[in-house]
Amino acid sequence: MMRDSQISTPWGQSYRLAFFALYAAAIIAACAWLFSSIYQIAPDSRAVVYRFGKPVRVEGAGLLFAWPYPIERVERVPGSERILERDVRALQREQQLSQINSWDRDNDAGAGAGYLLTGDAGVVQLNVRVFWRVDDPVQFALQRPHIEPLIDRLAERAAAVVCVGRDLDSILVTRPETLQNDSRAAQQRIQLRSDFKQAMAQSLTRLAAGGNDPGIRIERVDITSSLPENAVAAFNAVLAAGQQAEQTVASARTAAALRTQQAQQQADRTLGQAQARGQEIVAQANVDTRTIVQLAQARHDGTDGGLLQRVWRDKVAHILAQAGQVITVAPGDDSRLILQGLPSQPTAPTNSETKP
């Protein structure tokens with residue numbers, strides 16, 4: 001009776017309500033703690049189960065039952081089927097300039113930020129995107145906070161190694177404006193990406209051999225190259241000068257070919273005229289010397305037949321007609337004569353000369 005009377009009092013009822021509330025809260029907390037050990041793992045993910053902070057097993061997709069925290073802890077990691085990508089901003093000039101003090105940007109540190117040196121002493125900028133996947137879930141889970149910085153460092157090292165072993169032209173084949181149907185450029189692009197991926201894979205292999213395996217594998221690397229802004233203007237100027245020089249050389253070659261053609265035509269014309277003139281002179285000489293040649297041939301053959309006398313009679317009259325005086329050198333011998341020309345006749349005075 002006394003117990004019932006105590007419960008029926010206001011204070012007793014309050015205590016009773018508080019007890020039931022605490023009891024219900026404890027049951028709800030216990031149920032929540034128990035149900036917190038059930039996890040839903042996505043198809044493209046896997047789960048690493050830690051027991052007291054140590055990884056003990058790896059579970060695949062589906063429902064996972066584990067001891068509640070703090071006994072066991074579950075960490076979801078990407079599955080091996082999922083391809084992840086990382087845009088390596090550490091190679092970009094803006095990112096490197098942001099890590100340099102403002103008073104150092106005007107010196108060599110700021111001038112060389114974001115540029116890579118090529119094998120022929122050129123400079124180039126690379127935009128790199130790395131595609132990778134998780135190969136070892138446990139190692140990846142243990143080093144997860146350091147994976148992305150690790151990829152950046154591996155990409156920086158691979159970029160330096162690949163660029164220093166190539167000239168500028170073989171790196172610029174990865175520019176977006178490069179012709180896609182150029183088979184030689186396509187082969188160079190594939191080789192460049194393959195060498196870049198291989199350099200990163202070798203670095204990962206050395207890390208694994210040293211006991212620092214990050215548990216990832218590089219699948220593909222996309223590279224886009226570009227020139228510095230001031231270099232673009234310089235290259236454009238050089239290209240314009242080269243085109244102008246080629247145009248000037250082509251014009252000079254055309255003018256030289258035209259001049260050579262004109263000179264050849266003039267030479268052919270002069271040679272033709274000279275040959276024609278020579279043939280004419282030879283023909284005229286043959287005509288002029290025909291009589292003498294015939295006479296010489298007749299005398300040589302002994303068949304003169306009075307030809308010399310006939311020639312003498314034909315020519316002597318014309319010769320004597322031109323002579324003003326004939327003097328024999330030896331009297332009685334008319335074979336040796338001195339012929340003097342006719343005196344020049346005075347010209348008739350002009351009308352102006354006859355006028356007083």
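Predicted model: local features only at pLDDT ≥ 70, side-chain atom pairs only at ≥ 80, totals over all residues.
**Met200 contacts**

I started with Met200 and listed what it touches, skipping neighbours within four places in sequence: Val130, Ile151, Leu154, Ala155, Ala158, Ile218 and Val221. Met200 sits in helix H8. I checked its accessibility next: the relative value is 0%, so Met200 counts as buried.

**H6 against H8**

Two packed helices are described by the angle between their axes and the distance between the axes, and I looked up both. The axes of H6 (residues 147-164) and H8 (residues 183-209) come within 9 Å and cross at roughly 125 degrees. That angle makes H6 oblique to H8. I noted the hand of the H6 and H8 crossing too: right-handed.

Who makes the contact? From H6 I wrote down Leu150, Ile151, Leu154, Ala155, Arg157, Ala158, Ala159 and Val162. From H8 the list is Leu192, Asp195, Phe196, Ala199, Met200, Ser203, Leu204, Arg206 and Leu207. Sorted by type, the residues of this H6 contact with H8 come to 13 nonpolar, one polar and three charged.

**H8 by itself**

I did a quick length check on H8. With 27 residues at 1.5 Å a residue, H8 should span 39 Å, and its end C-alpha atoms are 39 Å apart, so the two agree.

Then I asked which residues of H8 are buried. I got Ala185, Arg189, Leu192, Phe196, Ala199, Met200, Ser203 and Leu204. I made a note of Arg189, a charged residue, being on that list. The cover over the buried residues of H8 includes strand S8 (123-134), H6, helix H7 (168-171) and strand S9 (216-226). Just after H8 I found Gly211 with a positive phi of about 85 degrees.

**Asp152**

Back to H6, where Asp152 is placed. Is Asp152 buried or exposed? Its relative accessibility is 10%, and the cut-off for buried is under 20%, so Asp152 counts as buried. Not counting residues up to four places away in sequence, Asp152 touches Arg86, Val88 and Ala90.

Phe52 has phi near 55 degrees, a positive value in a non-glycine residue. I located Phe52 in the loop between strand S2 (45-51) and strand S3 (54-59). With a relative accessible area of 65%, Phe52 is exposed.

Ala121 is another entry, with a positive phi near 65 degrees, and this residue is not glycine either. Ala121 lies in the loop between strand S7 (116-117) and S8. At 64% relative accessibility, Ala121 counts as exposed.

**Whole protein**

Last, I took down the overall numbers. The secondary structure comes to 11 helices and 11 strands. Of the 356 residues in the protein, 24% are buried. For contacts with a separation of 6 or more, 61% are between residues 24 or more positions apart.

Conventions:
Residues numbered from 1 in each chain as written. Heavy atoms only, no water. Axes fitted to C-alpha atoms, helices over the stretch in contact; angles between N-to-C directions. Helix = DSSP H or I, 4+ residues; strand = E, 2+ residues; numbered from the N terminus. Parallel < 35°, antiparallel > 145°, perpendicular 65-115°, else oblique. Left-handed = near helix turned anticlockwise from the far one by under 90°. Contact = heavy atoms within 4.5 Å. Expected span 1.5 Å × (residues − 1). Buried < 20%, exposed > 50% of the residue type's maximum accessible area, 1.4 Å probe, protein only.
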